[in-house]
Amino acid sequence: MNTVDFGAAQLRLGGDIDAVAVSADGCFVALGSGIGDETSIWKLPECVQVARCREASRSLAFSPDGATVWLAYAGVHRWDFGGDAPIEFRSSNPFGGDIGAPIALSPDGRILAAGRKHAERREVVILDASNGRELGAVGHDAEYLDALSFSHDGHFLAFGGGTAAVVIDVSRPRSVYRKVAPPSPGRSVVAVYSPVEDLLAVATAGSEQIAFFAGDAPARIVELPFELESFGFTADGANLWVRRYWTGSIALVDVAQGAVLADEIAPGGVRSFVVARPGGGLVATSFQQARLVERGASGTVAAVPGHACAVTSVAV
């Protein structure tokens, strides 16, 4: 039995915790297990389970109103759980069996982006979230697609390709809008949009540099004193949660100057994480144990225990 520690209360799943998502208002957290075939929804801060289903998930996304959860593993399902009232899961999978994790929902909840692998072709698919209609698809060369990131206004979608970040104009989703080279070459590129402005952060896992692209302006490069694995913006866009390469511990980095504001958060290492809105806290999957660390105004770091080889990605 794996648990998530939110202070004195614990949230439990029967299997390894593979996916985490937090509703926009911070009132609900969804936990998913792939191998464990389970997804559950918990109300915060009471930490009361309000809904549970026997459906596997490796990627999760809440609708803007918090009443619907999208879950993805080998397929994509919509779960209208209805807020506080426990509602039986009714599978709604209008997207076809070849569309699955990872997924991301646009800020207005109208567009769903998902991964697709058909034979040897790998794609990111743009879908109408209301009916599952495919609006477009773009191929990619990433060996493993870990996450998708919408811009704050929902106009663009970014993801890490094999050697460059790929940006899609959601209004023209059948072709690549642009490719953005990371400051350091490599085969595992990370790309994340700011939640508050037109700012795209791009880096290569294993490097010490992050490039920030604001519109068509030249890139601004920030040098870190350590190698990074992945990162995500805080809710106000002023800082980055950065996961260290090798150790998996978390650092809080100032976006403007690149200064490390806090380091060695969750020193036992986290596998991956999602930034909770609106408080900007960090919910992270951990290699070893659950822990809760307060880090001032930037929010709370809550680590989720999971199996190292099974915990792969969480919602954007």
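Biologist: Okay, strand β13 to start with. Which residue there is the bridge partner of Ile 126?

Modeller: That's Gly 136. Keep in mind that we're looking at a predicted model.

Biologist: And how many bridges hold β12 and β13 together?

Modeller: There are 5 bridges, with β12 (residues 121-128) and β13 pairing in the antiparallel sense.

Biologist: What's the strand order in that sheet?

Modeller: The order is β10-β11-β12-β13, an open sheet of 4 strands with antiparallel pairing. The edges are β10 (99-105) and β13 (134-139); each has a single partner strand, so one side of each has no neighbour in the sheet. On average, neighbouring strands there are turned by 25° against each other, ignoring direction.

Biologist: Let's look at side chains. What does Arg 116 form a salt bridge with?

Modeller: Its partner is Glu 123, with the closest N and O atoms 2.8 Å apart.

Biologist: How many salt bridges does the structure hold?

Modeller: It holds 7. One of them links Arg 244 and Asp 263, where the closest N and O atoms are 2.6 Å apart.

Biologist: Where do Arg 244 and Asp 263 lie?

Modeller: Arg 244 is in strand β23 (residues 239-244) and Asp 263 is in strand β25 (residues 260-265), so the pair ties together parts 19 residues apart in sequence. Arg 244 is buried at 17% relative accessible area, while Asp 263 is partly exposed at 29%. As for networks, salt bridges with shared partners join Arg 116, Glu 123 and Glu 134 into one.

Biologist: What about Arg 172, which residue does its side chain meet in a salt bridge?

Modeller: Asp 169, at 3.2 Å from N to O. Arg 172 is exposed, with 58% relative accessibility, whereas Asp 169 is buried at 11%.

Biologist: Asp 169 falls in β16, residues 165-169. How many bridges join β16 to β17?

Modeller: 3 bridges, and the two strands run antiparallel. Within that pairing, Val 167 has Arg 178 of β17 as its bridge partner.

Biologist: Last topic, confidence. What's the mean pLDDT of the protein?

Modeller: The mean is 75, and 72% of the residues reach 70 or more.

Biologist: Which elements have the lowest and highest mean pLDDT?

Modeller: Strand β28 (residues 291-294) has the lowest, at 38, and strand β20 (residues 209-213) the highest, at 94. Across residues 286-316 the pLDDT is below 50, and that stretch has 117 contacts in the model beyond near neighbours in sequence.

Definitions and conventions: Residues numbered from 1 in each chain as written. Predicted model: local features only at pLDDT ≥ 70, side-chain atom pairs only at ≥ 80, totals over all residues. Heavy atoms only, no water. Pairing = 2+ DSSP bridges. pLDDT = per-residue confidence, 0-100. Contact = heavy atoms within 4.5 Å. Axes fitted to C-alpha atoms, helices over the stretch in contact; angles between N-to-C directions. Salt bridge = Lys/Arg side-chain N within 4 Å of Asp/Glu carboxyl O. Buried < 20%, exposed > 50% of the residue type's maximum accessible area, 1.4 Å probe, protein only.
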